[in-house]
Amino acid sequence: VCQQLGKVKGKVLPILHAVQDICGNWLPLEALQLVAKELEIPYGYLYGVLTFYSMYSVTPRGRYIIRMCESAPCHVNGAENILEALKEELGVEVGGTTSDGLFTLELTACLGTCEVAPAMQINEVVFGNLTGAKVKEILDNYRAGKEVDYRTLARTTIKPLAYPLDQDNMVLFANLDRIDPMSLDDYRAKGGYEGLKKAVTSMSQVDAINEVKTAGVRGRGGAGFPAGLKWSFTQPSPIIPKYIVCNADEGEPGTIKDRYIMEGDPHRVLEGMALAGYAVGASHGYIYVRGEYYLSMLRLQNAIDQAMQNGCLGKNIFGSDFSFTIEVQSGGGAYVCGEETALIESIEGKRGNPRVKPPFPGQVGVWGKPSIVNNVETLSSIPMIISKGGEWYKAKGTEDATGTKIFQVVGHVNQPGVIEADLGMTVRELIDRYGGGIRGGKKFKACQTGGASFGFITEDQLDTPMEYKAMGAIEGALGSGTMLVMDEDTCIVDVVKCILYFFQHESCGFCLPCRRGTRILYDLICKIADGRGEEADLDKMIKVAQVMADSANCALAMSPIFFIKTTIERYRDDYLAHLNGTCPLCKK
Ligand code: SF4
């Protein structure tokens, strides 16, 4: 394995994944010692790396690993009941393996399949919209040897809820459900790689950057930093090599958009990366894909192979002086690796601890070299910007937030899923028109916008447009463009408890305020949820979250203040009901 993948430290994660597959879903000591020897790294170092990531195991596991999702979108859709059904059906607790050695039951922080919540993954395959009966049927099929092969899953079934825009004029979903994502010919027949051809044959690096600046596209991973500006800081650097890093570690609960692009139109991601590479003078790119996205990795790798064979990637692209290659790297199951410097550490084969900034990756990135880190959605916007022009893109959306965005509506709605729409559409329209309204004729109660890291908004804030300033003004967020919708039967304390569990689980532990703070917050919310809390605990939660936000090294510790503050202010009755031990929603 080491010889095949490369005897270098940067291959630690792919090597561990491959060895784990060979050894039957776990990493025996002898295998790890061999890997350490081959890579010439201390065994203790290797052990320290692998134990950072949740997808590796040093204890034996069954032939099939069942990962039950416990993120907030699955939680509000009854994941706990499904977990109980799994435990009963398998006869094991979480972490246990069935006596026949077939199944190991695990929990996972998020699977990135929130539109089919509640969901679980068996090895590479996701099963969604689970019920107790469905769980039994799936397990019976596996017991009977009818295992699903993810490589044979249908190629064109990934589609959005609707097309609010003319699909021919879309930026991201123009090809979705229209082309075979395994076919380069299909992509090229729709104008694919024309933007790259145009750039490398007729535009200077500065021209390309200026086009992106004109478009005004901002980072779609959640941070919202202008992409063209970011590129312009790195382009003049004489240091080579430079790298393009595509952040496909889509771990924010409720966020599923990048998977749609990678599974439905993988060449678009590659073209965007190559264009970024051309603009800043990079010769190599990494796509760091979250470990659970097996199908995305398969389709991206197929696209890379096709593009390399046909001159769309590789040496002297379209007869120009520009050469660019791309490799896929799988994550190991760590939310914090979505932070750009943690992701870089992980690419280098280390634990995914975020670095202290500055320096920023644009100056000191992968292997110490200048690196542009952009999200999948951001990079996938670039081909259309270059081929149709920055002004064409800028005409979409609003002045504050130009272009289109993929929105995700999940939770208690009739039609959970994704759409691409102009920025500026209101939250209400997204929920009612595209999400199909609240499920079961219930009333709306709350919506967490932007992802698990942000605030909760109320009914009277639903007419706010999804754009940076407007959402910021109501302490919501555009973030990753997700909306977790909750109906009137939802206990907000219960949801906050679920989210705080996530944050204390995912804190990398590098800095004290976050390491301890997330734990203190989780203990406090458990105390409140159990009816053992007092009103002073609410103030304590806000103070602890604020200290974390003020002293954080990365965005993870800055997040709890948003949803703690907004829920305590806007849904105080839910907290008080728990303090009084009388929450009707938790059916105590
Ligand atoms: Fe790690 Fe938290 Fe510090 Fe970020 S703030 S580096 S997640 S401990």
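Helix 6 (residues 79-90) lies across strand 1 and strand 2, and its direction makes about 155° with strand 1. Helices (H or I, at least four residues) and strands (E, at least two) are DSSP runs, numbered from the N terminus. Axes are lines fitted to C-alpha atoms, for helices over the stretch in contact, and angles run from 0 to 180 degrees between N-to-C directions. The structure is a predicted model: local features need pLDDT of at least 70, side-chain atom pairs count only at pLDDT 80 or more, and totals for chains, interfaces and linings use all residues. Residues are numbered from 1 along each chain as its sequence is written.

Four strands make up an open sheet in the order 2-1-3-4, with mixed pairing. Strand 2 (103-108) and strand 4 (125-127) stand at the edges with a single partner strand each, so one side of each has no neighbour in the sheet. On average, neighbouring strands of this sheet are turned by 25° against each other, direction ignored. Strand 1 (residues 64-69) and strand 3 (residues 120-122) run antiparallel and are joined by three bridges; two strands pair if DSSP finds at least two bridges between them. Met68 has Met120 of strand 3 as its bridge partner.

Another open sheet has four strands in the order 7-6-5-8, and its pairing is parallel. Its edges are strand 7 (325-330) and strand 8 (371-375), each with a single partner strand, so one side of each is left without a neighbour in the sheet. Neighbouring strands here are turned by 20° against each other on average, direction ignored. Strand 5 (residues 243-248) pairs with strand 8 in the parallel sense over five bridges. The bridge partner of Asn247 in strand 8 is Asn375.

Helix 14 (residues 294-309) packs on this sheet and touches strand 5, strand 6 (284-289) and strand 7. The direction of helix 14 makes about 165° with that of strand 7. Contact between two residues means that their C-beta atoms, placed from the backbone, lie within 7 Å. Helix 16 lies across strand 5 and strand 8, running at about 95° to strand 8.

## Helix 10 against helix 16

Two packed helices are described by the angle between their axes and the distance between the axes. The axes of helix 10 (residues 205-215) and helix 16 (residues 376-388) come within 10 Å and cross at roughly 105°. Helix 10 and helix 16 are therefore roughly perpendicular to each other. Angles under 35 degrees count as roughly parallel, over 145 as roughly antiparallel, 65 to 115 as roughly perpendicular and the rest as oblique.

Helix 10 contributes Ala208, Glu211, Val212 and Ala215 to the contact, and helix 16 contributes Ile382, Ile385 and Ile386. By class, the residues of this contact are six nonpolar, no polar and one charged. Ala, Val, Leu, Ile, Met, Phe, Trp, Tyr, Cys and Pro count as nonpolar, Asp, Glu, Lys and Arg as charged, and the others, Gly among them, as polar.

Most residues other than glycine have a negative phi, and most peptide bonds are trans. The bond joining Lys357 and Pro358 is cis, with omega about -5°. The peptide bond from Pro358 to Pro359 is also cis, with omega near 5°. Pro358 is in the loop between helix 15 (340-347) and strand 8, and Pro359 lies in the loop between helix 15 and strand 8.

Asp177 is not a glycine, yet its phi is positive, about 65°. Asp177 lies in the loop between helix 7 (132-143) and helix 8 (184-189).

## Domains

The domain assignment gives the protein chain domain 1 (2-50), domain 2 (64-146), domain 3 (167-394), domain 4 (404-487) and domain 5 (492-579). Such bounds come from an automatic or database domain assignment.

The centres of domain 3 and domain 5, taken over C-alpha atoms, are separated by 35 Å. Nine residues of domain 3 are in contact with eight residues of domain 5. The side of domain 3 that touches domain 5 has six nonpolar, two polar and one charged residues.

## Around the ligand

There are 14 residues around the ligand, and Cys508, Cys511, Cys514, Cys554 and Ala557 come nearest. A residue is near a molecule or strand if its C-beta atom, placed from the backbone, lies within 6 Å of it. Helix 21 (512-529) and helix 23 (555-558) are the elements that give two or more residues to this shell. The shell divides into ten nonpolar, three polar and one charged residues.
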